[in-house]
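This report goes through one protein model, element by element. Keep the sequence and the structure in view while reading.

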Amino acid sequence: MMVTRTHRGPFTYADYLLTPDDVRYELIEGELIRAPSPIPLHQRVSSGFVGLMAPFAKNNRLGDVFAAPLDVHLSDTNVLQPDILFISNERSHIIGETNIQGAPDLIIEIASPSTEDLDRGVKQNLYAIFGVLEYWRAYPLAQIVEVLRLDNGQFVSIGVYGLGDALTTPLLPGLNIDLDEIFT
């Protein structure tokens, strides 16, 4: 199943709120985009990241880790549902009752054939424009993660990590994510 794009618009957040709850949509530059449900491998990788990151963030009082589906309201025409996101305590004011109201500190997107072009293209650009500090793209089939860090309004690749490597980030000091635990 592929991402389905709408052909009329532009749509706004008010239109987005009218979409059915049982179907996953994102609002990207005024276009409603319907995405298929993730496959089991995607969910296994997502659970691995969340299972390591969420308790670490909580136990060290660093912030909150959330998994999709959760709306990240960047603007009236951009409402995204990243696979995983981290919001530091310093930015906890963006956690609203029904959505996240601004850019998270860290976003992880888990690549799938139907969403990879969006994740590498327009979504990456939006995350940079709105000030996401780090963006990780995980590739389950290749068993790698590319880490990008915001620098002067653009993402710069810090590196590509795979089996045998551990991911760290200054956003979660002390956290070491063993990629063998995530991908195997």
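Eight residues of helix H2 are named here as buried: His42, Val45, Ser46, Gly48, Phe49, Met53, Phe56 and Ala57. The model that shows this is a predicted one. H2 runs over residues 40–59, which makes 20 residues. From the first C-alpha to the last, H2 reaches 28 Å, close to the 28 Å expected at 1.5 Å a residue. Just after the end of H2, Arg61 takes a positive phi of about 50 degrees.

**The six-stranded sheet**

In what order do the strands of the open sheet lie? The order is S4-S7-S8-S9-S10-S11, and the pairing in this sheet of six strands is mixed. At the edges are strand S4 (63–67) and strand S11 (154–162), each of which pairs on one side only. Ignoring direction, neighbouring strands of the sheet are turned by 15 degrees against each other on average.

Within this order, S9 and S10 stand side by side. Strand S9 covers residues 134–139 and strand S10 covers residues 144–151; the two pair in the antiparallel sense over six bridges. Arg137 stands opposite Glu146 in S10. The loop between S9 and S10 holds Gln143. Gln143 has a positive phi of about 60 degrees, although it is not a glycine. Is Gln143 buried or partly exposed? Its relative accessible area is 24%, so Gln143 counts as partly exposed.

**Two hairpins and the strand pairs**

Strands S2 and S3 form a hairpin with two residues between them. The turn of this hairpin includes Glu29, whose phi is positive, at about 50 degrees. Glu29 is a residue other than glycine, and it belongs to the loop between S2 and S3. Glu29 is exposed because its relative accessible area is 53%, and the cut-off for exposed is over 50%.

A second hairpin is formed by S5 and S6, again with two residues between the strands.

| Strand pair | Residues | Bridges | Opposite residues |
|---|---|---|---|
| S5 and S6 | 72–75 and 78–80 | three | Val72 and Leu80 |
| S9 and S10 | 134–139 and 144–151 | six | Arg137 and Glu146 |

The loop between S4 and S5 contains Pro69. A cis peptide bond joins Ala68 and Pro69, with omega at about 0 degrees.

**Contacts across the chain**

Ala14 and Asp76 are 62 residues apart along the chain, while their C-alpha atoms are separated by 8.1 Å. Ala14 is found in helix H1, which spans residues 13–16. How exposed is Ala14? With 49% relative accessibility, Ala14 counts as partly exposed, because the range for that class lies between the 20% and 50% cut-offs.

Val122 is found in helix H4, residues 122–130. Val122 is partly exposed, at a relative accessible area of 21%.

**The second largest pocket**

Rolling a probe the size of a water molecule over the atoms shows where empty space is left. In this model, the second largest pocket holds about 230 Å³ of space. Which elements give two or more residues to its lining? They are strand S8 (106–110) and helix H3 (116–120). The whole lining has 19 residues. Those that lie nearest the centre of the pocket are Pro36, Pro38, Ser112, Ser114 and Thr115. Sorted by class, the lining of the second largest pocket has eight nonpolar, five polar and six charged residues. Strand S8, one of the elements that give residues to this lining, is also part of the open sheet, where its place in the order is between S7 and S9.

How values were computed
Residues are numbered from 1 along each chain as its sequence is written. This is a predicted model: local features need pLDDT of at least 70, side-chain atom pairs count only at pLDDT 80 or more; totals for chains, interfaces and linings use all residues. Side-chain values use heavy atoms; hydrogens and water are left out. On a 1 Å grid over the protein atoms alone, a cavity is a set of points where a 1.4 Å probe fits but cannot get out, and a pocket is an open set with protein on both sides within 12 Å along at least five of seven lines; lining residues have an atom within 4 Å of a point. Grid points are joined across faces, edges and corners, and a volume is the space filled by probe spheres set on the points. Helices (H or I, at least four residues) and strands (E, at least two) are DSSP runs, numbered from the N terminus. Ala, Val, Leu, Ile, Met, Phe, Trp, Tyr, Cys and Pro count as nonpolar, Asp, Glu, Lys and Arg as charged, and the others, Gly among them, as polar. The expected span of a helix is 1.5 Å times one less than its number of residues. Buried means under 20% relative accessible area, exposed over 50%, partly exposed in between (1.4 Å probe, protein chains only). Two strands pair if DSSP finds at least two bridges between them. Axes are lines fitted to C-alpha atoms, for helices over the stretch in contact, and angles run from 0 to 180 degrees between N-to-C directions.
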